[in-house]
Amino acid sequence: MFRRERSIPLRGSAAALCNNLSVLQLPVRNLTHFGVVHGPSAQLLSAAPEGVPLAQRQLQAKEGAGVSPPLITQVHWCVLPFRVLLVLTSHRGIQMYESDGSVMVYWHALDAGDASLVQAVFARGIAASGHFICVGMWSGRVLVFDIPAKGPNIVLSEELAGHQTPVTDIATEPAQGQDCVADVVTADDSGLLCVWRSGPKFKLLTRIPGFGVPCPSVQLWQGTIAAGYGNGQVRLYEASTGTLHVQIDAHARAICALDLAPELLSAAEDTFVHIWKLSRSPEGGYIEVEHCHGECVPDTQVCGARFCDPSGSSFAVTGYDLAEILRFSSM
């Protein structure tokens, strides 16, 4: 069971975008960082365990070429083996900052040359894998950036071509040195999932077809893909083969966020956040799912939810037109 804790005030509400909350815990300093986007700016907040906000910073989307201010589509902390970078995506480009947002170390402008006049140009979907950061694009491509141990010498090392519609989300899992392991999954607006093996050259291992419904959020858990869809379903697939293990009719409306730590958190536009326990049966290795907790955020279009610590003992929720980050912790 979870109980409501002291919320963290925002200067404005979160934009109505999926995955609109990023969380970075700093155990050494006993702090938690929160990142939320709205319009052309991103709010970064630091809070102590009791929820008292200690610092706030606002980052603006880099203008690039254009007449109107660009809109930020996502903010996400990427934890690499040797450093942590904060990544912003927008309609104009990709910005990478030091973890506190104080220094921008890299800027990648989006090339709208291959977009039609009616096609929106944007980047969305951010994840780190090893010393790479992957970012999804409106065109369906995934950009792979090679990140040095320090400094701004970031290189665009590869572009992955697996999707025909805009990328929605990217999830990764440490490969742990296994051969032919599936450690990256990308999702798109058609519901298609592409499963990759990361490395100096990424390799496409399998495609899991969509069924006419977008997949706004994905996670990877012990070689299993958890995918949340626009019809409220959560589906669990074997990453290496694409085999469907479990289908959960988890929500009444579109899912907007999934997270793992180690339980599975799902949040949707139906105002509910659910916690699910995932396990493998010792006999056949099948995935088993148990519902652990449900939390309603009344009259709110939830747009982001994340666990706040690796044990999953607390989580945070953002909502459209809600000028605060709601926090819940286990009793």
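How much space lies in the second largest pocket? I looked this up and found about 310 Å³.

**Ground rules.** I note that this is a predicted model, where local features need pLDDT of at least 70, side-chain atom pairs count only at pLDDT 80 or more, and totals for chains, interfaces and linings use all residues. Residues are numbered from 1 along each chain as its sequence is written, and side-chain values use heavy atoms, with hydrogens and water left out.

**Pockets.** Rolling a probe the size of a water molecule over the atoms shows where empty space is left. I used a 1 Å grid over the protein atoms alone; a pocket is an open set of points where a 1.4 Å probe fits, with protein on both sides within 12 Å along at least five of seven lines, and lining residues have an atom within 4 Å of a point. A volume is the space filled by probe spheres set on the points, which are joined across faces, edges and corners.

I listed 20 residues lining the second largest pocket, and Thr 32, Pro 49, Cys 308, Ser 314 and Arg 327 lie nearest its centre. Strand 3, strand 4 (31–38), strand 28 (314–320) and strand 29 each give two or more residues to this lining. Strands here are DSSP runs of E with at least two residues, and helices are runs of H or I with at least four, numbered from the N terminus. I sorted this lining into 10 nonpolar, six polar and four charged residues. Nonpolar covers Ala, Val, Leu, Ile, Met, Phe, Trp, Tyr, Cys and Pro, charged covers Asp, Glu, Lys and Arg, and polar covers the others, Gly among them.

I then turned to the largest pocket, which holds about 1,100 Å³ of space. Of its 37 lining residues, His 76, Thr 172, Gln 219, Asp 259 and Leu 260 are the closest to the centre. Strand 7 gives the most to this lining, with five residues. By class I found 22 nonpolar, nine polar and six charged residues there.

**Salt bridges.** I found seven salt bridges in the structure, each a side-chain nitrogen of Lys or Arg within 4 Å of a carboxyl oxygen of Asp or Glu. One of them joins Arg 4 and Glu 324 at 3.9 Å, N to O. This pair links distant parts of the chain, with Arg 4 in strand 1 (residues 2–4) and Glu 324 in strand 29 (residues 324–330), 320 residues apart. For accessibility I took buried as under 20% relative accessible area, exposed as over 50% and partly exposed as in between (1.4 Å probe, protein chains only). Arg 4 is partly exposed at 48%, and Glu 324 is partly exposed at 23%.

Another salt bridge joins Arg 83 and Glu 98 at 3.4 Å, N to O. Arg 83 lies in the loop between strand 7 (72–79) and strand 8 (84–90) and Glu 98 in strand 9 (residues 93–98), so the pair ties together parts that are 15 residues apart in sequence. Is Arg 83 buried or exposed? I found Arg 83 buried, at 9%.

**Backbone.** Which peptide bond did I find to be cis? The bond from Ala 261 to Pro 262 is cis, with omega near -20°. Pro 262 sits in the loop between strand 23 and strand 24 (264–268). I also noted Asp 321, which is not a glycine but has a positive phi of about 65°. Asp 321 lies in the loop between strand 28 and strand 29 and is exposed at 65% relative accessibility.
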